[in-house]
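Here is a friendly walk through one protein model, with the sequence and coordinates close at hand. Please keep the viewer open while you read.

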Amino acid sequence: MSQLYVSAGIQLTEGTEPAAAIEMLQQLARATVDEPGCISFEIRQNLEDPRKFTLWECWTDPDALAQHFKKEHTKAAIASGMTEIMYVEKLSALG
């Protein structure tokens, strides 16, 4: 099976302090790149709306992504309530 690519859009929830959310997202990225099956995990901030972010991810397979959501750092980031998901796209490479 080919690698699984993910593009996810998130935005800060109402009342969330941007600096605190950025620190939380940076911690999430640092922890996630060390997970088994994670090939890459990047978070980019939108230049036109700094309260929005895009996550670019590459995983060895769907199971590795599923395991990501069981990790404590992922659960903590979700439980923080600082962000909400706008969209998630699961992608594959062409060809």
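About 6,000 Å² of the protein is accessible surface, and carbon and sulfur atoms hold 55% of that. Areas come from the Shrake-Rupley method with a 1.4 Å probe, and for residues only the protein chains shown count as cover.

## How to read the model

This is a predicted model, in which local features need pLDDT of at least 70 and side-chain atom pairs count only at pLDDT 80 or more, whereas totals for chains, interfaces and linings use all residues. Residues are numbered from 1 along each chain as its sequence is written, and side-chain values use heavy atoms, with hydrogens and water left out.

## Overall fold

Three helices and four strands make up the elements of the protein, in the order β-α-β-β-α-α-β from the N terminus. Helices (H or I, at least four residues) and strands (E, at least two) are DSSP runs, numbered from the N terminus.

Along the principal axes, the C-alpha atoms fill a box of roughly 40 × 30 × 15 Å. Of the 95 residues, 31% count as buried (buried is under 20% relative accessible area, exposed over 50%, partly exposed in between, with a 1.4 Å probe and protein chains only). Among contacts with a separation of 6 or more, 69% link residues 24 or more positions apart; a contact means heavy atoms within 4.5 Å.

Val6 sits in strand β1 and counts as buried because its relative accessible area is 6%. Leu55 is 49 residues away from Val6 in sequence, yet their C-alpha atoms are 7.6 Å apart. Beyond four places in sequence, Val6 touches several residues, including Leu55, Trp56, Trp59 and Val88.

## Thr16 in a loop

Next comes the loop between β1 (4-12) and α1 (18-32), where Thr16 is placed. Thr16 is buried, because its relative accessibility is 12%. The side chains of Thr16 and Thr13 form a polar contact of 2.7 Å (a pair of N or O atoms within 3.5 Å; within protein, one must be able to donate a hydrogen and the other to accept it, and residues adjacent in sequence count only if both atoms are side-chain atoms). Outside four places in sequence, Thr16 is in contact with Ala21, Arg51, Gly81 and Met82.

Is His68 buried or exposed? His68, in helix α2 (residues 62-68), is buried, because its relative accessible area is 3%. Its contacts beyond four places in sequence include Leu28, Thr32, Glu35 and Trp59.

His73 belongs to helix α3 (residues 72-79) and is partly exposed, because its relative accessibility is 25%. Leu28, Ala31, Thr32 and Glu35 are the contacts of His73 once neighbours within four places are set aside. With Glu35, the side chain of His73 makes a side-chain polar contact of 2.6 Å. Asn46 lies 27 residues from His73 along the chain, and 23 Å separates their C-alpha atoms.
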